[in-house]
Amino acid sequence: MERSLKYFPAPLFAIIMGISGLTIVYAKAYHFLNFPYWLYLLLLFVDTVAFFTIFILYIFKWIKYPDMVRAEFSHPIKSSFVPAISVSFLLISIAYMDYAPSIAVTFWWIGAWLHLYFTFNVIKFWIRNQFDVKMINPAWFIPIVGNVLIPVAGVDIVNEYVNLFFFSIGIFYWIILFTIVTYRMIFHHPLPKKLIPTFFILIAPPAVGFISYFRITFGAIDIFSMFLYLIAIFIFVLLITKKSVYTEIPFFISWWAYTFPLAAITIATILVYNTFKNLPMYLFSLFLLFLVTAVVVFVSFRTYLAIKSQKICIPEEE
């Protein structure tokens with residue numbers, strides 16, 4: 001147990017992001033696609049158990065092995081996964097909006113303040129240290145995506161200008177980081193196999209940006225929102241057509257990077273369908289819903305097998 005706890009990685013919070021994303025998908029499917037409510041409740045229960053299990057274990061790691069946690073906070077790659085902790089709080093908040101708004105508000109306040117702290121610290125870390133361009137990867141978006149997530153539940157909690165503040169940070173840095181990541185992909189060596197699944201994170205900023213903008217504007221579908229949505233669709237199609245790249249790599253925890261972005265584009269598509277009410281968007285919503293469900297179930301199964309065979313929470317050199 002001690003050995004496992006010592007190497008308990010922050011990227012495991014991507015599990016919460018994936019399950020929370022799927023839970024929110026089924027909440028929207030209940031409202032707009034006439035799916036049964038119990039599916040949402042079942043996923044909410046699983047999401048809650050997974051969140052507290054992973055969060056409590058990481059707190060124990062922080063108490064018992066603070067040096068290991070500090071090492072993750074100062075690592076050029078792992079530090080980008082640390083804000084997945086606050087993102088998990090924000091996603092749990094959104095997931096609870098339909099079932100228990102008071103719980104959602106509590107999680108939102110914790111997640112929003114925590115993510116603001118992570119955002120400032122990660123950006124200062126980037127500025128103060130010297131990085132090789134090969135160190136950047138799509139996981140660097142995680143501190144940024146969280147800011148765009150804050151208004152999704154925040155619209156019902158705080159002033160609109162507070163929500164615009166977080167939305168603006170997220171969109172601004174999304175453009176900057178997307179440019180740098182694109183440069184790195186074109187002009188430098190390919191990502192290592194372990195990080196290839198993180199390419200799917202590129203879907204999340206425009207997809208979540210669409211959802212956030214939709215909430216801030218109380219359901220507006222305009223040129224800017226469709227710009228965000230269609231960029232997300234373009235990246236989704238681009239990545240799906242390269243599926244052979246992903247099926248050839250062995251299992252890593254980074255496989256969970258497939259899940260939340262797929263959930264985000266599914267939620268965005270359901271919202272677009274609810275606005276236009278046409279058959280193509282309805283069918284596309286169902287396709288994405290079944291796709292993200294299958295991916296989350298499959299990645300969960302592979303994670304279970306990895307845990308059973310003791311391939312998780314071990315030193316990286318092993």
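This is a predicted model: local features need pLDDT of at least 70, side-chain atom pairs count only at pLDDT 80 or more; totals for chains, interfaces and linings use all residues.

Visitor: Which residues is Thr 23 in contact with, leaving aside its neighbours within four places in sequence?

Guide: They are Tyr 40, Leu 43, Leu 44, Asp 47 and Ala 95.

Visitor: What lies 2.8 Å from a polar atom of the side chain of Thr 23?

Guide: The backbone oxygen of Ile 19 does. A polar contact needs a pair of N or O atoms within 3.5 Å. The Ile 19 oxygen and the Thr 23 side chain, at 2.8 Å, form such a pair.

Visitor: Why is H2 called mostly covered?

Guide: In H2, 16 of the 20 residues are buried.

Visitor: How do you know that the span of H2 agrees with its number of residues?

Guide: At 1.5 Å a residue, its 20 residues should span 28 Å. The end C-alpha atoms of H2 are 29 Å apart, so the two values agree. After H2 comes Asn 34, with a positive phi near 65 degrees.

Visitor: Is Ser 93 buried or exposed?

Guide: Ser 93 is buried, because its relative accessible area is 0% and the cut-off is under 20%. Its place is in helix H5, residues 84-96.

Visitor: What does the side chain of Ser 93 reach?

Guide: The side chain of Ser 93 reaches the backbone oxygen of Ala 104 at 2.7 Å. Beyond its neighbours within four places in sequence, Ser 93 is in contact with Ala 104, Phe 107, Trp 108 and Ala 153.

Visitor: Now to pairs of helices. Why are H7 and H9 called roughly parallel?

Guide: Helix H7 (residues 142-154) and helix H9 (residues 204-216) pack at an angle of about 25 degrees. Angles under 35 degrees count as roughly parallel. H7 and H9 are therefore roughly parallel to each other. Their axes are 8 Å apart, and H7 passes H9 in a left-handed crossing.

Visitor: Which residues of H7 meet H9?

Guide: Val 145, Val 148, Leu 149, Pro 151 and Val 152 do. Their partners in H9 include Val 208, Ile 211 and Ile 216.

Visitor: How do H10 and H12 pack, and what angle do they make?

Guide: H10 and H12 pack at about 135 degrees, with their axes 11 Å apart. That makes H10 oblique to H12, since roughly antiparallel would need an angle over 145. H10 also passes H12 in a left-handed crossing. Tyr 229, Ala 232, Ile 233 and Phe 236 in H10 meet residues of H12, among them Leu 262 and Ile 265.

Visitor: How do you know that the span of H13 agrees with its number of residues?

Guide: H13 has 30 residues, 279-308, and at 1.5 Å a residue they should span 44 Å. Its end C-alpha atoms are 43 Å apart, so the span agrees.

Visitor: What do the buried residues of H13 pack against?

Guide: They pack against helices H2, H10 and H12. Among these buried residues are Leu 288, Leu 289, Val 292 and Val 296.

Visitor: What caps the N-terminal end of H13?

Guide: Asn 278 does, with a side-chain oxygen 2.9 Å from the backbone nitrogen of Met 281. After H13 comes Gln 310, whose phi is positive, near 55 degrees.

Definitions and conventions:
Residues are numbered from 1 along each chain as its sequence is written. Side-chain values use heavy atoms; hydrogens and water are left out. Helices (H or I, at least four residues) and strands (E, at least two) are DSSP runs, numbered from the N terminus. The expected span of a helix is 1.5 Å times one less than its number of residues. Buried means under 20% relative accessible area, exposed over 50%, partly exposed in between (1.4 Å probe, protein chains only). Contact means heavy atoms within 4.5 Å. A polar contact is a pair of N or O atoms within 3.5 Å; within protein, one must be able to donate a hydrogen and the other to accept it, and residues adjacent in sequence count only if both atoms are side-chain atoms. Axes are lines fitted to C-alpha atoms, for helices over the stretch in contact, and angles run from 0 to 180 degrees between N-to-C directions. Angles under 35 degrees count as roughly parallel, over 145 as roughly antiparallel, 65 to 115 as roughly perpendicular and the rest as oblique. A crossing is left-handed if the near helix is turned anticlockwise from the far one by less than a right angle, and right-handed if clockwise.
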